[in-house]
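Let's take a friendly look at where charged side chains pair up in this protein. Have the sequence and the 3D view ready.

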Amino acid sequence: MALLAIFTTLPALAQTDTNAPMPTSAPALKPVVVTSTRTEAAPFDVPASIDVVGGDAMRDGRLQINLSESLGGVPGLMVQNRQNYAQDLQLSIRGFGARSSFGIRGVRLYVDGIPATMPDGQGQSSNIDIGSAERVEILRGPFSALYGNSSGGVIQVFTETGEGPPTVSGSFAIGSYGLRRYGLKVGGSTRASDGGAGFDYLLSTSRFTTDGWRDHSRTSRDNVNIRLGVTLADDARLTLLLNSVRLDAQDPLG
């Protein structure tokens, strides 16, 4: 009798699942907002060439060492990684910066709205922490003049904002020629889900070392990126940013 009861209930369950009501509306996706034009707007509403690369796309299945890993597919942008960390990446947008023998020239770099380009126009990407990046915006064309003279393009990196209960995550990468990368990220928030006053935090640190495939190319790099935020009211917020990099790199070409 017990077996009979089990088999007779199965069709009833299957019939109930089949007659379940279908959802009436599709789930809403989180909108993408860009700020490369100095004001927040949707990408399709901006009359400029803008691409956005999300932080998850920069980290999933990647070493998280250089921007060249994830920005190579952006139209109009060419980035070369010569595995020479003393001279950094060679990056150009629509030809601007192509004549630079090392570093980044002719292209403006910003990290959380703070210029990462020197007054002489040269910048380096070694201080960018990929492990805590929320997104990267690439602005190409004449609209880059909004960020100053001799700007052939703009690359902006935005750090994640801590959300939800405290979380801790780590990452590890290993490769040939002594390549090692360790990463640790801690984040969270005391704000309620419906907004209001509160405190949020995010701390990300990483260490990268390699012996290099050439003589005299040993490199070690330590990155620390901290973002602290205090929401005082719906229209008042205080944000504290701390970014640090320690780079010890040999130059095989020098």
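## A pair to start with

Which residue forms a salt bridge with Asp211? That's Arg218, and the closest N and O atoms are 2.9 Å apart. A salt bridge here means a side-chain nitrogen of Lys or Arg within 4 Å of a carboxyl oxygen of Asp or Glu. Asp211 itself is partly exposed, at 38% relative accessibility (buried is under 20% relative accessible area, exposed is over 50%, and partly exposed is in between, using a 1.4 Å probe and protein chains only).

## Where the numbers come from

This is a predicted model, so local features need pLDDT of at least 70 and side-chain atom pairs count only at pLDDT 80 or more, while totals for chains, interfaces and linings use all residues. Residues are numbered from 1 along each chain as its sequence is written, and side-chain values use heavy atoms, leaving out hydrogens and water.

Strands are DSSP runs of E with at least two residues, helices are runs of H or I with at least four, and both are numbered from the N terminus. Arg246 is partly exposed, with a relative accessible area of 40%.

## A helix pair and its network

In another salt bridge, Asp56 and Arg59 come to 3.5 Å, N to O. They're three residues apart in helix 2 (residues 55-59), so about one helical turn separates them. Asp56 is exposed at 52%, whereas Arg59 is buried at 13%.

Asp56 and Arg59 also belong to a salt-bridge network with Glu160 and Lys185. Over the whole structure, the search finds 11 salt bridges.
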